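Hi,

Here is the structure I promised to pass on.

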Amino acid sequence: MNDTSTLKPGHILGETGIWEMVIGLEIHAQISSKSKLFSGASASFGSEANRNVSLVDAAMPGMLPVINEFCVEQAVKTGLALNAKINNVSVFDRKNYFYADLPQGYQISQFTKPIVGEGEIIVDLDNGEQTTIGIERLHLEQDAGKSLHDQHPTKSYIDLNRTGVALMEIVSKPDIRSPQEAGAYVKKIRSILRYIGACDGNMEEGSLRADCNVSVRKSGKEFGTRCEIKNLNSIRFIIQAIQSEAERQVDILEEGGTIDQETRLFDTSTGETRSMRSKEDAHDYRYFPDPDLLPLEFTESWVQDIKEKLPELPDSLKKRLVKDFGITSYDASILVEEKDYVDFYQQAANGRDGKLTANWMITELFGALKKDNLSFSESPITSENLGELISLISNGTISGKIAKEVFSEMMKSKKSPYVIVKEKGLEQVSDDSEILELIDQVISDNQEKVNEYLSGKDKLFGFFVGQVMKLSQGKANPGVVNKLLKEKLK
Amino acid sequence: MSELLDLNLVEASEALKNKKISSLELTKAYLKSISDTSSLGAYLEIVEDKAISMAKESDKKLIDGTARPLEGIPIGIKDMFCTKDIKTTASSKILENFIPTYESTVTQNLWNDGAVILGKLSCDEFAMGSSNETAAKGNVINPWLKNKKMSPGGSSGGSAAAVAARSALAATGTDTGGSIRQPAAFCGITGLKPTYGRCSRWGIVAFSSSLDQAGPLTRTVSDAALMLNSMAGYDQKDSTSANLKMPDLMDYLDKGIKGKKIGIPKEYTQDGISEDIVKFYEKSIDWLKDEGAEIVPVSLPHTKYALPAYYIIAPAEASSNLARYDGVRYGARHEASSLDEMYELTRGNSFGDEVKRRIMIGTYVLSSGYYDAYYLKAQKVRRLIKEDFENVYKKVDYILTPSTPTTSFELGKKQDPLTMYLNDIFTVPASLAGLPGISLPVGLDNSGLPIGIQLIANSFDEPGLIRTARVLERSAGFNFIADGAAK
């Protein structure tokens, strides 16, 4: 009955049967804003330590926060893109705790009245299926600073550059059922954020991080006790951490144990999670409304203005690509994954063969970039040049085979395909008289085979085509060669 | 010298503009006063050089005809206001050596209008107290009945004592639950707490953000009007600052109160108020009636809950506001082997008892499990108190109450915290409602200590507050000078 070969992702086969994972994600997305959430200091990444710190960020006596309107707009934009309810009145609360990299002694966040309420997104899975994941809420909050414990034997160093940087915390409902779904969900959120420009989604720089809540249960039963894995900064780690945490929980439960609700960390070297603090040690954050800030209020018309200015989002864009360019739904879903891809594609395919462009981009370009270990933004081939290549193929200037040669040259030299074709004289020969000359030569060189063919050995036709192509160094238009050969050898 | 000290702010300003006196001689007279009355302990920091140079600058402007509203007027600043390059301690050991690199909006407004700084004035630690006894550097002595060492009140005790002792022509204060009005009453001077949002809180060391409000302590009502004209104003850097233009208060001084309705809340005349204060309260009612006001008995039914609500809300906010004094970036730090131990030693050694008490109360009332019963309930009470006032202001223009239940008390007579908290019983309701209030001296009790009466106006009706207070001031004719004042 428990056949592992039919085990679905997110299911774990234990001694007592199949366990199902229940996963909820809290994504922290740094808003792409020049300045911080409540101060004018720069929010840029990679500055020298403690350079981007205002008096407000350092929590000097008497300093007061002032909300950055741009960040509010980004949160509303994101809420709209997540098909979520926008709360026209929301409240900032103080989350109180002591830590050396938290100068105020509290983080300004939103607790009971977040700026964005419930929503949902459609997530594309690797098997081509789709699933809907609910959004619980989105709220605005400040980031903390950074503590460096390894710079000095007895002291810790503090860098406040990140202190006060604007974050959006996007909380999912516990709708996710497998690590792969969690990964796809993060990908989708990241893609949406990049489309609307609210967050650059850069996980390496920490602009996007996730806390994962994981529990296991037998199918159809009540949710189990969950553990929270903190601060995961890559999709790969999210998938690994959830899988390993769920397995750990199954092991405990099957041995008759119980799960302690606790916060855990993922150790990337062992691939396992370990306890960070238990529920008993959990902070009492003493949330209360921040008296330095008025409730955040905006009008419906302001929200409408933002809504009207929203760019086209992945889901509708995908549908449009299928319709306008005649490509498959699968290709379209790959292209809309990143805004950069789809922008590139639309430029390259504009007025050209959409299917051919998609093939060349997905198979050749993505493949070549992967082989050369280059990111998409580092591509030596521009959308303009890829488009030109498509045109050269479509109008018969070069054959598909020659195109591959031109493409490799484009990867190397960054030259336009037109220039490469010209320089190397790679234009396809379609002119009847030129090709007839080649045919005549092949016939006179292979008189014996011609006789065999004429006496009924039809298979030899391919041989003649090959010889003509070879003689033309691959430049002869194969269609024309075929037609003329047939006439000649009647 | 004496004639210079006799001039109140408005008179001194006139004399300066008419070039009868110079700012330099006026400022020097006050610097001498400060040294003559130093035993009162009102000043924590005296900035003589800066005072002299600002006075000289003012004299230039007075001569070339570009004088500003407060040109050349020497004033003292409560130590809660951050002053650039001048030590600002909030009377706390934890900020013992703190020198801000920035200037609070309110003090900057004063300097922009030509005022001259004399120094920083003592107060209760982080403005928490009603007797100035919680100040880290020790209490301030009330210049009245100087030899008996009476309390100047608090928390703006240094400000009130300095104005009463004539060692500052005016002073700034902050009022969270009565910290301007109560010490003004104890020291026989005028103290005005504006509407919440009238003065920017930017650069003022925060005690309780939803209640803190800066205001002037002065000799007269017109002095207060002139000071507040300069102190008030919208400030983008304070999100709770009101974007409203305040009319020139000097225009309202002599408008009278004929036909105005004065509310007398029955809840403010209960037991425990000293007889002399009741006597002067009744006299004040009569004076206003004589000036053509209509006296209307009113009720503010939730008044009795104001003090308990205040002592939940203010400590709750304080417990969070004071978390930043952690020894990490500035202020006192006690080295230790772990971060938690460093926090404990730094905060344990550097905060005084009253501050610690309020941090603990505040932490408790915000704790999960207690939040609803205390903090949330207190916020509901605050709303009801606000509504009480809103209802009353549908019927009357101003409310008249005593400022304090008793006159000043002797320092060092150890009072338990709860008795001390009762000092603010008449001032706290207006604070919770965010309303402007003024305390002015109307007489002396039988031991010779000043009695203050409070007027409360509707939100942003400082003009009305000023015109009514001016009438009461005239009728009372209080012209006594403290025995401990500079001569």
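Below is what I found when I went through it.

First, bear in mind that this is a predicted model. It scores ipTM 0.96 and pTM 0.90. Chain B averages a pLDDT of 96, with 99% of its residues scoring at least 70.

**Where the chains meet.** On the chain A side, 24 residues are in contact with 32 residues of chain B. That side of chain A is made up of 16 nonpolar, four polar and four charged residues.

**The cores.** The largest nonpolar core has 220 residues. The members that touch the most others come from both chains: Ala182(A), Cys212(A) and Ile242(A), plus Ile75(B), Ala161(B), Ala164(B) and Ala170(B).

**Helix H9 of chain A.** Leu392(A) also turns up among the buried residues of H9(A), a helix that covers residues 383-394. H9(A) is mostly covered, with nine of the twelve residues buried. Among them are Ser383(A), Asn385(A) and Glu388(A), as well as Leu386(A), Leu389(A), Ile390(A) and Ile393(A). What do the buried residues of H9(A) pack against? Four helices of chain A: H7 (339-349), H8 (354-371), H10 (400-413) and H11 (417-424). After H9(A) comes Gly396(A), which has a positive phi, near 80°.

Three strands form an open sheet in the order E5-E4-E15, with antiparallel pairing. E5 (106-109) and E15 (288-289) of chain A stand at the edges with a single partner strand each, so one side of each has no neighbour in the sheet. Strand E4 (residues 93-96) of chain A is joined to E5(A) by four bridges. To find that pairing on screen, look for Lys95(A), whose bridge partner in E5(A) is Gln107(A).

Cheers

Terms used: Residues are numbered from 1 along each chain as its sequence is written. Chains are lettered from A and ligands numbered from 1 in the order in which they are written. This is a predicted model: local features need pLDDT of at least 70, side-chain atom pairs count only at pLDDT 80 or more; totals for chains, interfaces and linings use all residues. Two residues are in contact if their C-beta atoms, placed from the backbone, lie within 7 Å. Ala, Val, Leu, Ile, Met, Phe, Trp, Tyr, Cys and Pro count as nonpolar, Asp, Glu, Lys and Arg as charged, and the others, Gly among them, as polar. pLDDT is the predictor's confidence in each residue, from 0 to 100. Helices (H or I, at least four residues) and strands (E, at least two) are DSSP runs, numbered from the N terminus. The expected span of a helix is 1.5 Å times one less than its number of residues. A residue is buried if 20 or more other C-beta atoms lie within 10 Å of its own, exposed if 12 or fewer, and partly exposed in between; C-beta atoms are placed from the backbone. Two strands pair if DSSP finds at least two bridges between them. A nonpolar core is a set of buried Ala, Val, Leu, Ile, Met, Phe, Trp, Tyr and Cys residues joined through C-beta atoms within 7 Å.
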